[in-house]
Amino acid sequence: TFAAFSVGLLINAFLTQGSGAYIAGGIIATIIFLALFFLNVLFIKTVWIANLVILAESVALVGGVYSAFSPSSVLGGIITFFVLMSAAYSGREYFQNLLKIRFWQTAKGAVSRAIIGIAFFVSIVSYSNIEKIMAHQDQFFISASTFEQLLVKSTSAVKYAIPEMDFTKSVGEVITNIATQQVAENEEAQRLPQVAQKQLIAQTKEELHKKIAAYFAVAPEAINLRDVSSKALYDITAQKFNKLDAESKKQVAGAVAAIVFITAIGLILPLRLCATLLAVILYEILLGLNFAAVTLEGRSREIIILK
């Protein structure tokens, strides 16, 4: 339950403060929660007790996101409860039909479904939080610091497509680097005198400035060349978002929630592997501490029982 509350708390902290450290903390807390959830599937044989534990975990998850608390988050918690209950049932059903304990195969169904439940909850809370911000404030739903941090951290990935792109540099520097590179790759331009090349670079910079402004449908004067690229992009995006009508903003919020869900689903494999590995380690520790034992039933299959 504490692990579930920690997951909700870290999600809440990221939504309100936007620090990337909370994402890392949330992933670690999620792995711990999944490992404990999986051990509950193995250890708790009584269905109603297992469901009661899952209910407590779901309530703790919703309680963690107190600042984003809303009917939507409660609905997300209820749906997550049923998804976790389904995950526990499938894992328990598969486990009971085995002749030998198989952690990885059992976790494949149970933990994967649990991840889907958490992913759904996070996406619902994200949508609810965006709606809440839009209802009370006429501002972009992502803070400037969070937006800029995300862009700066994505610089290395963006460089694969645009090597000259660097969100930590000013707009003017980025445009100058792109213009210089374009002139350097032009064989005819390389034959020109240095003075002519500098003039060509200046002309290319001016054209790029206008093209960028046209792409974002703003006047060139609206893009300050001295601003850091991440800040300039945030200002333009926030300005565009704030001009949208209420319905369009809801569609944007829905799209963001969908992206969050798809991203979380994409992490199923690494999360499942890490959670299962942690569960195996904890299982061995429990056996070593004589907290649990492996016995044989009449069908000659291994069963975990609590002492």
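The largest cavity is lined by Phe37, Asn40, Val41, Ile44, Ala50, Val53, Ile54, Glu57, Ala88 and Arg92. A cavity is a set of points on a 1 Å grid over the protein atoms alone where a 1.4 Å probe fits but cannot get out, and lining residues have an atom within 4 Å of a point. This is a predicted model, in which local features need pLDDT of at least 70, side-chain atom pairs count only at pLDDT 80 or more, and totals for chains, interfaces and linings use all residues. Residues are numbered from 1 along each chain as its sequence is written, and side-chain values use heavy atoms, with hydrogens and water left out.

**The largest cavity**

- The volume of the largest cavity is about 60 Å³, where a volume is the space filled by probe spheres set on the points, joined across faces, edges and corners.
- Helices H2 (20-43), H3 (47-64) and H4 (71-96) each supply at least two residues of this lining; helices are DSSP runs of H or I, at least four residues, numbered from the N terminus.
- H3 provides the largest share of the lining, 4 residues.
- By class, the lining comprises 7 nonpolar, 1 polar and 2 charged residues; Ala, Val, Leu, Ile, Met, Phe, Trp, Tyr, Cys and Pro count as nonpolar, Asp, Glu, Lys and Arg as charged, and the others, Gly among them, as polar.

**The second largest pocket**

- H8 (171-184), H10 (194-215) and H11 (229-242) each contribute at least two lining residues, and H8 gives the largest share, with 5 residues.
- The lining of the second largest pocket has 14 nonpolar, 2 polar and 1 charged residues.

**Nonpolar cores**

- A nonpolar core is a set of buried Ala, Val, Leu, Ile, Met, Phe, Trp, Tyr and Cys residues joined through side-chain atoms within 4.5 Å, where buried means under 20% relative accessible area (1.4 Å probe, protein chains only).
- In the largest nonpolar core, of 38 residues, Phe33, Leu34, Phe37 and Val111 touch the most other members.
- H2 gives the most to this core, with 11 residues.
- Beyond its neighbours within four places in sequence, Leu34 is in contact (heavy atoms within 4.5 Å) with Val111, Ala114, Ile115, Ile118, Leu271 and Ala275.
- A second, separate core of 25 residues includes Val174, Leu208, Phe241 and Ala253.

Note on methods
On a 1 Å grid over the protein atoms alone, a cavity is a set of points where a 1.4 Å probe fits but cannot get out, and a pocket is an open set with protein on both sides within 12 Å along at least five of seven lines; lining residues have an atom within 4 Å of a point. Buried means under 20% relative accessible area, exposed over 50%, partly exposed in between (1.4 Å probe, protein chains only).
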